[in-house]
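Please read the following note alongside the structure.

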Amino acid sequence: MAAAEHAIAINDDISMELPTLPPNQGLEAFKDIVFGSAAGMAGKVIEYPFDTVKVRLQSQPDHLPLRYKGPLDCFRQSFQADGLRGLYRGISAPMAGAAIENSCLFFSYRLIQDILKATVYTSVDDLPFSALVFSGAASGSITSLALTPVELIKCKMQVPLAASGGNAPGPLTLIATIFRQDGILGFWRGQTGTLIRETGGGAAWFGGYEGVSALFRAYRAPSAELKEDGTSSESIPLYQKMIAGAAAGVSYNFLFYPADTIKSRMQTEDVTRGAYNGERQTFWGVAKALWRQQGLRALYRGCGITCARSAPSSAFIFTVYEGLRNHFA
């Protein structure tokens, strides 16, 4: 009996202490989802025609001569063929994807920061820049799982001009076709490319925004109250937030653009080749084919127009998201 009581006492002494997260997690998560979705969908309306041009440039098959000479030629041919409506073809899937992507990004980004503050950085109020970059990378990797199926449908709907004749299939038809051909795992075709792009891109996106914002705070008027690390705790002006958001968008797209090109080629190979023959290229197989076609230039095909459209879109996303959160704080 004494031994049993002693064991109980030992077990009581080594009780596990779980990290304490900030209260109202449910409300904060709801705000992230709603505000992130609204900001993402608004940004998608602005950038979508440029995204369509990008996907069509990326998806040109390596076994045929290039159809488009560049972004302007692709835009001209697309507009002549279908008008403005053609440049917005398939926007329903990416609108849903933008809502999912941005709500997941902002929610997981904040949640990971809360976990780090509760477990690793318990003695500081503000996380160091390296922790913010890690939080961005982790949030991107989580988001990639939800984003790949949506981007698969989007990319297939954006390249109907490469197919020979016939009407462009709708999203429900594409979903049924993918499931019939490849099963449930077929919706994660190109996941490797999305994972690389979103993990590195998440670090670049949030890191770029936080880094540029910190620079603006550090060089504010001398009268601004500075923290121990030399940065100001006060909010920066709207135009500086937009510049930080634009820099984040360019960083996200440029640094990991080759992974996105490979992903787009993998997700559209059955459309651009005009038939499904049951053979699927691997991530590295597509990368080698692109390199043989035009080298590094092929991997960055459409990058210029992507960075150009991502600057205002990303600036708008951050501005809308933070504006909504501050208004409903």
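1. Which residues of the largest nonpolar core touch the most other members? They are F106, W205, F206 and F318, in a core of 20 residues. A nonpolar core is a set of buried Ala, Val, Leu, Ile, Met, Phe, Trp, Tyr and Cys residues joined through side-chain atoms within 4.5 Å; buried means under 20% relative accessible area, exposed over 50%, and partly exposed in between (1.4 Å probe, protein chains only).

2. The model is predicted: local features need pLDDT of at least 70 and side-chain atom pairs count only at pLDDT 80 or more, while totals for chains, interfaces and linings use all residues. Residues are numbered from 1 along each chain as its sequence is written, and side-chain values use heavy atoms, with hydrogens and water left out.

3. At least two residues of the largest core come from each of helix 2 (25–58), helix 4 (92–119), helix 5 (129–158), helix 7, helix 8 (238–255) and helix 12 (303–327). Helix 4 gives the most, namely five residues. Helices here are DSSP runs (H or I, at least four residues), numbered from the N terminus.

4. Beyond its neighbours within four places in sequence, F106 is in contact (heavy atoms within 4.5 Å) with D32, G36, W205, F206, I317, F318 and Y321.

5. The whole structure holds 16 salt bridges, each a side-chain nitrogen of Lys or Arg within 4 Å of a carboxyl oxygen of Asp or Glu. One of them joins R110 and D32 (2.5 Å, N to O). This pair links distant parts of the chain, with R110 in helix 4 and D32 in helix 2, 78 residues apart. Both R110 and D32 are buried.

6. R110 also forms a salt bridge with D114, the closest N and O atoms being 3.0 Å apart. These two residues lie four apart in helix 4, about one turn of the helix. D114 counts as buried because its relative accessibility is 11%.

7. A further salt bridge joins R309 and E47 (3.0 Å, N to O). R309 lies in helix 12 and E47 in helix 2, so the pair ties together parts 262 residues apart in sequence. R309 is buried, with a relative accessible area of 8%, and E47 is buried at 9%. Both belong to a network of salt bridges that also includes K44, D51 and R197.

8. R189 lies in the loop between helix 6 (171–182) and helix 7 (191–218). Is R189 buried or exposed? R189 counts as buried because its relative accessibility is 17%.
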